[in-house]
Amino acid sequence: MPSEPRQHRTKPVSNTKAVSTRNATFQYWETLLGNRTKRNRAGEMIVQGVRPINLVLESDLEVRAVLITHVNGRSRWASETIATVESAGATSWLVAPDLMAELGEKDEEEAPELLLIVAIPADDLSRIPTPADALYVALDRPASPGNIGSIVRSVDALGGHGVIVTGHAADPYDPRALRASTGSAIMTPTVRLPSIRPALEWIEQLRADGVDIQIVGTDEDGTHDVWDVDLTKPTLLVTGNEHSGMSAAWKDACDVLTRIPMTGHATSLNAANATAAILYEATRQRRTAGRNAAATR
């Protein structure tokens with residue numbers, strides 16, 4: 001039989017506070033899960049899951065508190081994580097298992113060992129890197145947190161460098177978005193902008209600085225098949241709203257509108273799937289160009 005996961009005796013946690021009832025502190029944590037306005041006013045989010053928590057520790061994000069399930073033993077991973085975030089100044093809270101299960105959105109018997117309260121990063125375009133092979137995605141008024149998370153995951157997996165969310169949109173720090181990203185939201189710079197204007201000003205500044213960046217819009221009525229668009233160039237890929245597509249302002253700003261040819265009865269793909277397909281084509285083109293360049297040296 002497989003051995004049981006190694007458990008360590010719980011050691012007293014320095015300066016630890018405790019929450020065993022649905023008091024004001026617990027209710028505040030609940031708002032970080034379900035109340036977008038209060039979450040963004042507080043500038044804090046709850047990070048769930050081993051991989052996302054590990055990625056937080058690798059990032060430069062500020063961990064403000066660690067919530068710990070109040071049990072008699074914990075794993076080596078949990079003990080080491082607690083020690084790491086405490087040494088960085090995070091506040092520790094021992095939380096009753098039933099309350100931790102609620103915050104972790106699990107059944108009570110599956111209460112997570114740890115949750116982190118993490119500062120939401122600033123919506124500052126300077127956080128997005130500008131390499132020579134820049135590849136970004138702009139999401140125009142996305143309505144689904146799950147789609148945002150899935151797209152951020154694709155950007156991370158397929159060599160992208162950042163995500164911009166414009167207009168009235170779902171929150172990329174909604175727990176559903178964070179879960180869908182499987183931790184990629186921690187490492188992929190994501191910036192929320194109230195409108196398209198600051199995004200276009202940023203693009204113009206990049207061009208003024210010598211970055212020959214193109215804006216490529218995705219549209220089922222696009223004029224160019226995706227494999228006919230040169231995606232080896234620095235590119236900002238624009239994905240429109242799931243129901244109404246791209247706004248007129250974004251369409252006007254695009255240098256080219258591309259489409260994914262369809263062979264079945266469907267006329268379009270889900271926004272997350274379409275974005276992933278075009279990002280994959282960009283990666284394919286770039287790797288092919290890299291191999292061809294290496295072969296000619």
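**Strands, sheet and salt bridges**

Reply: Strand E11 is covered on both faces, since Gln-214, Val-216 and Thr-218 on one side and Ile-215 and Gly-217 on the other are all buried (under 20% relative accessible area, with exposed over 50% and partly exposed in between, for a 1.4 Å probe and protein chains only). This is a predicted model, in which local features need pLDDT of at least 70 and side-chain atom pairs count only at pLDDT 80 or more, while totals for chains, interfaces and linings use all residues. Residues are numbered from 1 along each chain as its sequence is written, and side-chain values use heavy atoms, with hydrogens and water left out.

Me: Why is strand E11 described as largely enclosed by the rest of the structure?

Reply: Five of the five residues of E11 (214–218) are buried, so the strand is largely enclosed. Strands here are DSSP runs of at least two residues, and helices are H or I runs of at least four, both numbered from the N terminus.

Me: Which strands pair with E11, and in what sense?

Reply: Pairing requires that DSSP finds at least two bridges between two strands. E11 and E13 (235–239) have four bridges in the parallel sense, with Gly-217 opposite Val-238. E11 and E14 (256–259) pair in the parallel sense over three bridges, and there Val-216 stands opposite Val-256.

Me: What makes E2 and E3 edge strands?

Reply: The open sheet has five strands in the order E2-E6-E4-E7-E3, with mixed pairing; E2 (17–19) and E3 are its edges, as each pairs on one side only. The twist from one strand to the next averages 25° (axes are lines fitted to C-alpha atoms, for helices over the stretch in contact, and angles between N-to-C directions run from 0 to 180 degrees). E2 and E6 (91–95) pair in the parallel sense over three bridges, whereas E3 and E7 (114–119) pair in the antiparallel sense over four, with Ile-46 opposite Ile-117.

Me: Why is Thr-188 called buried?

Reply: Its relative accessible area is 5%, so Thr-188 counts as buried. Thr-188 lies in the loop between helix H8 (184–187) and strand E10 (190–193); leaving aside residues up to four places away in sequence, it touches Val-152, Val-155, Asp-156, Gly-162 and Val-163, contact meaning heavy atoms within 4.5 Å.

Me: How do you know that Arg-192 and Asp-123 form a salt bridge?

Reply: The term asks for a side-chain nitrogen of Lys or Arg within 4 Å of a carboxyl oxygen of Asp or Glu, and the N to O distance for Arg-192 and Asp-123 is 3.0 Å. Arg-192 lies in E10 and Asp-123 in the loop between E7 and E8 (135–140), so the pair ties together parts that are 69 residues apart in sequence. Arg-192 is buried at 19%, while Asp-123, at 34%, is partly exposed.

Me: How many salt bridges are counted by this rule?

Reply: The count comes to 15, including Arg-207 with Asp-255 at 3.0 Å, N to O. Arg-207 lies in helix H9 (197–208) and Asp-255 in the loop between helix H10 (248–253) and E14, 48 residues apart. Salt bridges with shared partners also join Arg-39, Asp-123, Asp-171 and Arg-192 into one network.

Me: What is the predictor's confidence, and where is it under 50?

Reply: The mean pLDDT (confidence in each residue, from 0 to 100) is 91, and 95% of residues reach 70 or more, but pLDDT stays under 50 over residues 1–13.
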